[in-house]
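Let's take a friendly walk through the charged side chains of this model. Have the sequence and the 3D view ready, and follow along pair by pair.

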Amino acid sequence: MDGAEAGQSLIKRLASCDKLTRDRTVRTLLQTWLPSQRQVPEEDMKRLWKGLFYCVWHADKLPAQTELIEKLSSTLPSLDPPLSHEYFSVFLITMRREWTGIDRLRLDKFYLLIRRFLHCFFLMLKKRSWDLDFVRSSIVILVDRTFLADDNLLGNGVNYHIASVFLEEIRPFLPVRKEVLEVVLETFVSVMGKVTDKVLVAKIKSNVFDLLIEMGRRLLEIKKSETEIDSSDDVVVLGTIALLMGFSSKFYELGSSAECHQGNRKVLLGLHEDFLKLEKDLATSGIEISIPEVNEDCDDEVPELVPIAQEMETDAPDAASEPAEIKANGSAKKRLKKLKKAEKASVASGKKAKKGKTVENSNSNLDKENDSEVSANGENSTAEQFGDGDAITFNEMVISNLQLQFEKVAGEVDAHNDVPSACDSPIVAVNGIVSKKRKRSKGKDGQKLKNAELTSQGDAETSGTVKTSEKSAKRVRFSMKNNLVWKPQSPLPPQSLRLPPSVTPRGSALKKGVPPGPIREMAPVTKKVKKKAKSVKKARMGVKNVRAKRLKMV
């Protein structure tokens, strides 16, 4: 199977629904097949990116998405220059072509994909030592495939996102040479004079040039107030670019040229006025600012780390002394662990303990013992340190001895304070047996210390008993095993024996006619007798009858 057939089979498996198949295919593609190709035709690269697009499409959950995006983007700096340009160019074409089909649930991971590719794009330029020809050709690919693309694809969202994150992604690689900055940033100036998309012009203005103007103003304020600021701060790096790149003349030339788009002249001349005011403030203030010179050729040197075991072997004069040193180092490790535990215990117990003159005396005795131990343990360490002349080797025993000396000095300085030091912890010998010298040093005044500890323990116990007594208060249980029922004709019980309002009768009480809800005192119900109203017809009939009787009598 030749390279073209292998590439076709890989492309088909990239869009598989099975995650295991996709992972294997991506691994084979990025580690084996793509680095072995010197050049890939544009049509094959488009098919390849079609498969990679749907590979990202199928990636679910943030860890899987981030891992896949990191693999795809980190491949860009590792490819040869012609292949890396083709890889990046077809990526931009694919994103613009497929942008309208991305739903809102998958939009974030494709935003992340664009951001990571832009970061690796600048990493690729740095890997080539910011060569001006390579930077120009790479920036032309970026601009022609996005901002000035002459295709009919509706992928303006890609252009907007690149303009929004451009300055954020180039910031970790600054400062660079002035020539490189002119190539990179002047491209945005020319784009603002050519494009007809007002949204894109507003994005470039707000996310690139307005930010530079703001940083330039803040840098001038800091310089005038003579406050110290780190040279790697964003205000210094971006403010220096805004003050020294001469953007005012460039915006004026572009805004007044005949080739400038008519709708963009107002924005360009407004930026010209802002940068001109900034440059005049710099000239009148008399502050000197310069772009730092950067050497891209020499990378940061990583110091060689030599294992301690090798140093011990080279420093040891005889082979017979190696086991003793190894044992000493092992015992030093154990001693450090025990000292740490003892320090924690002493800090916990020393917060409430009262220190007096007896504590100072015991501390001075302990300092003497520490000095003797340091001198005893430091014989081999000094021999190791100065065995080779100027070379000093720091092993764990030397570090522990230095730590003890530092604690001794700190204890002498802060002896009047109540801060517990590591010297208050019991000293552990090399063989793991606790030394008994500290107990002997407590001969006369030891009883006072014991009494102080007992009083502190008594105070702690009394406070503990108060807390426990508060917690162990008598619990009153209220249970309603037998539902309390009383008949309406019987008098209510006294107020102290009544149920709380929240308790409602349940179960058998409801069967006996007690309504649900809290029991309340109710007045006896009296039946009201309704008076029957005479109808209007009967009243009229009564009037007629009276009149008739009167007529008969007459």
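Arginine 115 is partly exposed, at 26% relative accessibility. In this predicted model, arginine 115 forms a salt bridge with glutamate 169, and their closest N and O atoms are 2.9 Å apart. This pair links distant parts of the chain: glutamate 169 belongs to helix 8 and arginine 115 to helix 6 (residues 107–127), 54 residues apart. Glutamate 169 has a relative accessibility of 8%, so this residue counts as buried.

Now turn to aspartate 151 and arginine 96, whose side chains meet in a salt bridge (2.9 Å, N to O). Here too, distant parts of the chain are linked: aspartate 151 sits in the loop between helix 7 (132–145) and helix 8 (156–170), while arginine 96 lies in helix 5 (residues 81–98), 55 residues apart. Arginine 96 is buried, with a relative accessible area of 3%, whereas aspartate 151 is partly exposed at 31%.

Arginine 47 is partly exposed at 40% relative accessibility, and aspartate 44 is partly exposed at 25%.

Stepping back, the structure holds 16 salt bridges. Lys50, Arg97 and Glu98 are connected in a network of them. What about disulfides? The structure holds 0. As for individual cysteines, cysteine 17 is exposed at 69% relative accessibility, while cysteine 260 is buried at 6%.

Methods
Residues are numbered from 1 along each chain as its sequence is written. This is a predicted model: local features need pLDDT of at least 70, side-chain atom pairs count only at pLDDT 80 or more; totals for chains, interfaces and linings use all residues. Side-chain values use heavy atoms; hydrogens and water are left out. A disulfide is a pair of cysteine sulfur atoms within 2.5 Å. Buried means under 20% relative accessible area, exposed over 50%, partly exposed in between (1.4 Å probe, protein chains only). A salt bridge is a side-chain nitrogen of Lys or Arg within 4 Å of a carboxyl oxygen of Asp or Glu. Helices (H or I, at least four residues) and strands (E, at least two) are DSSP runs, numbered from the N terminus.
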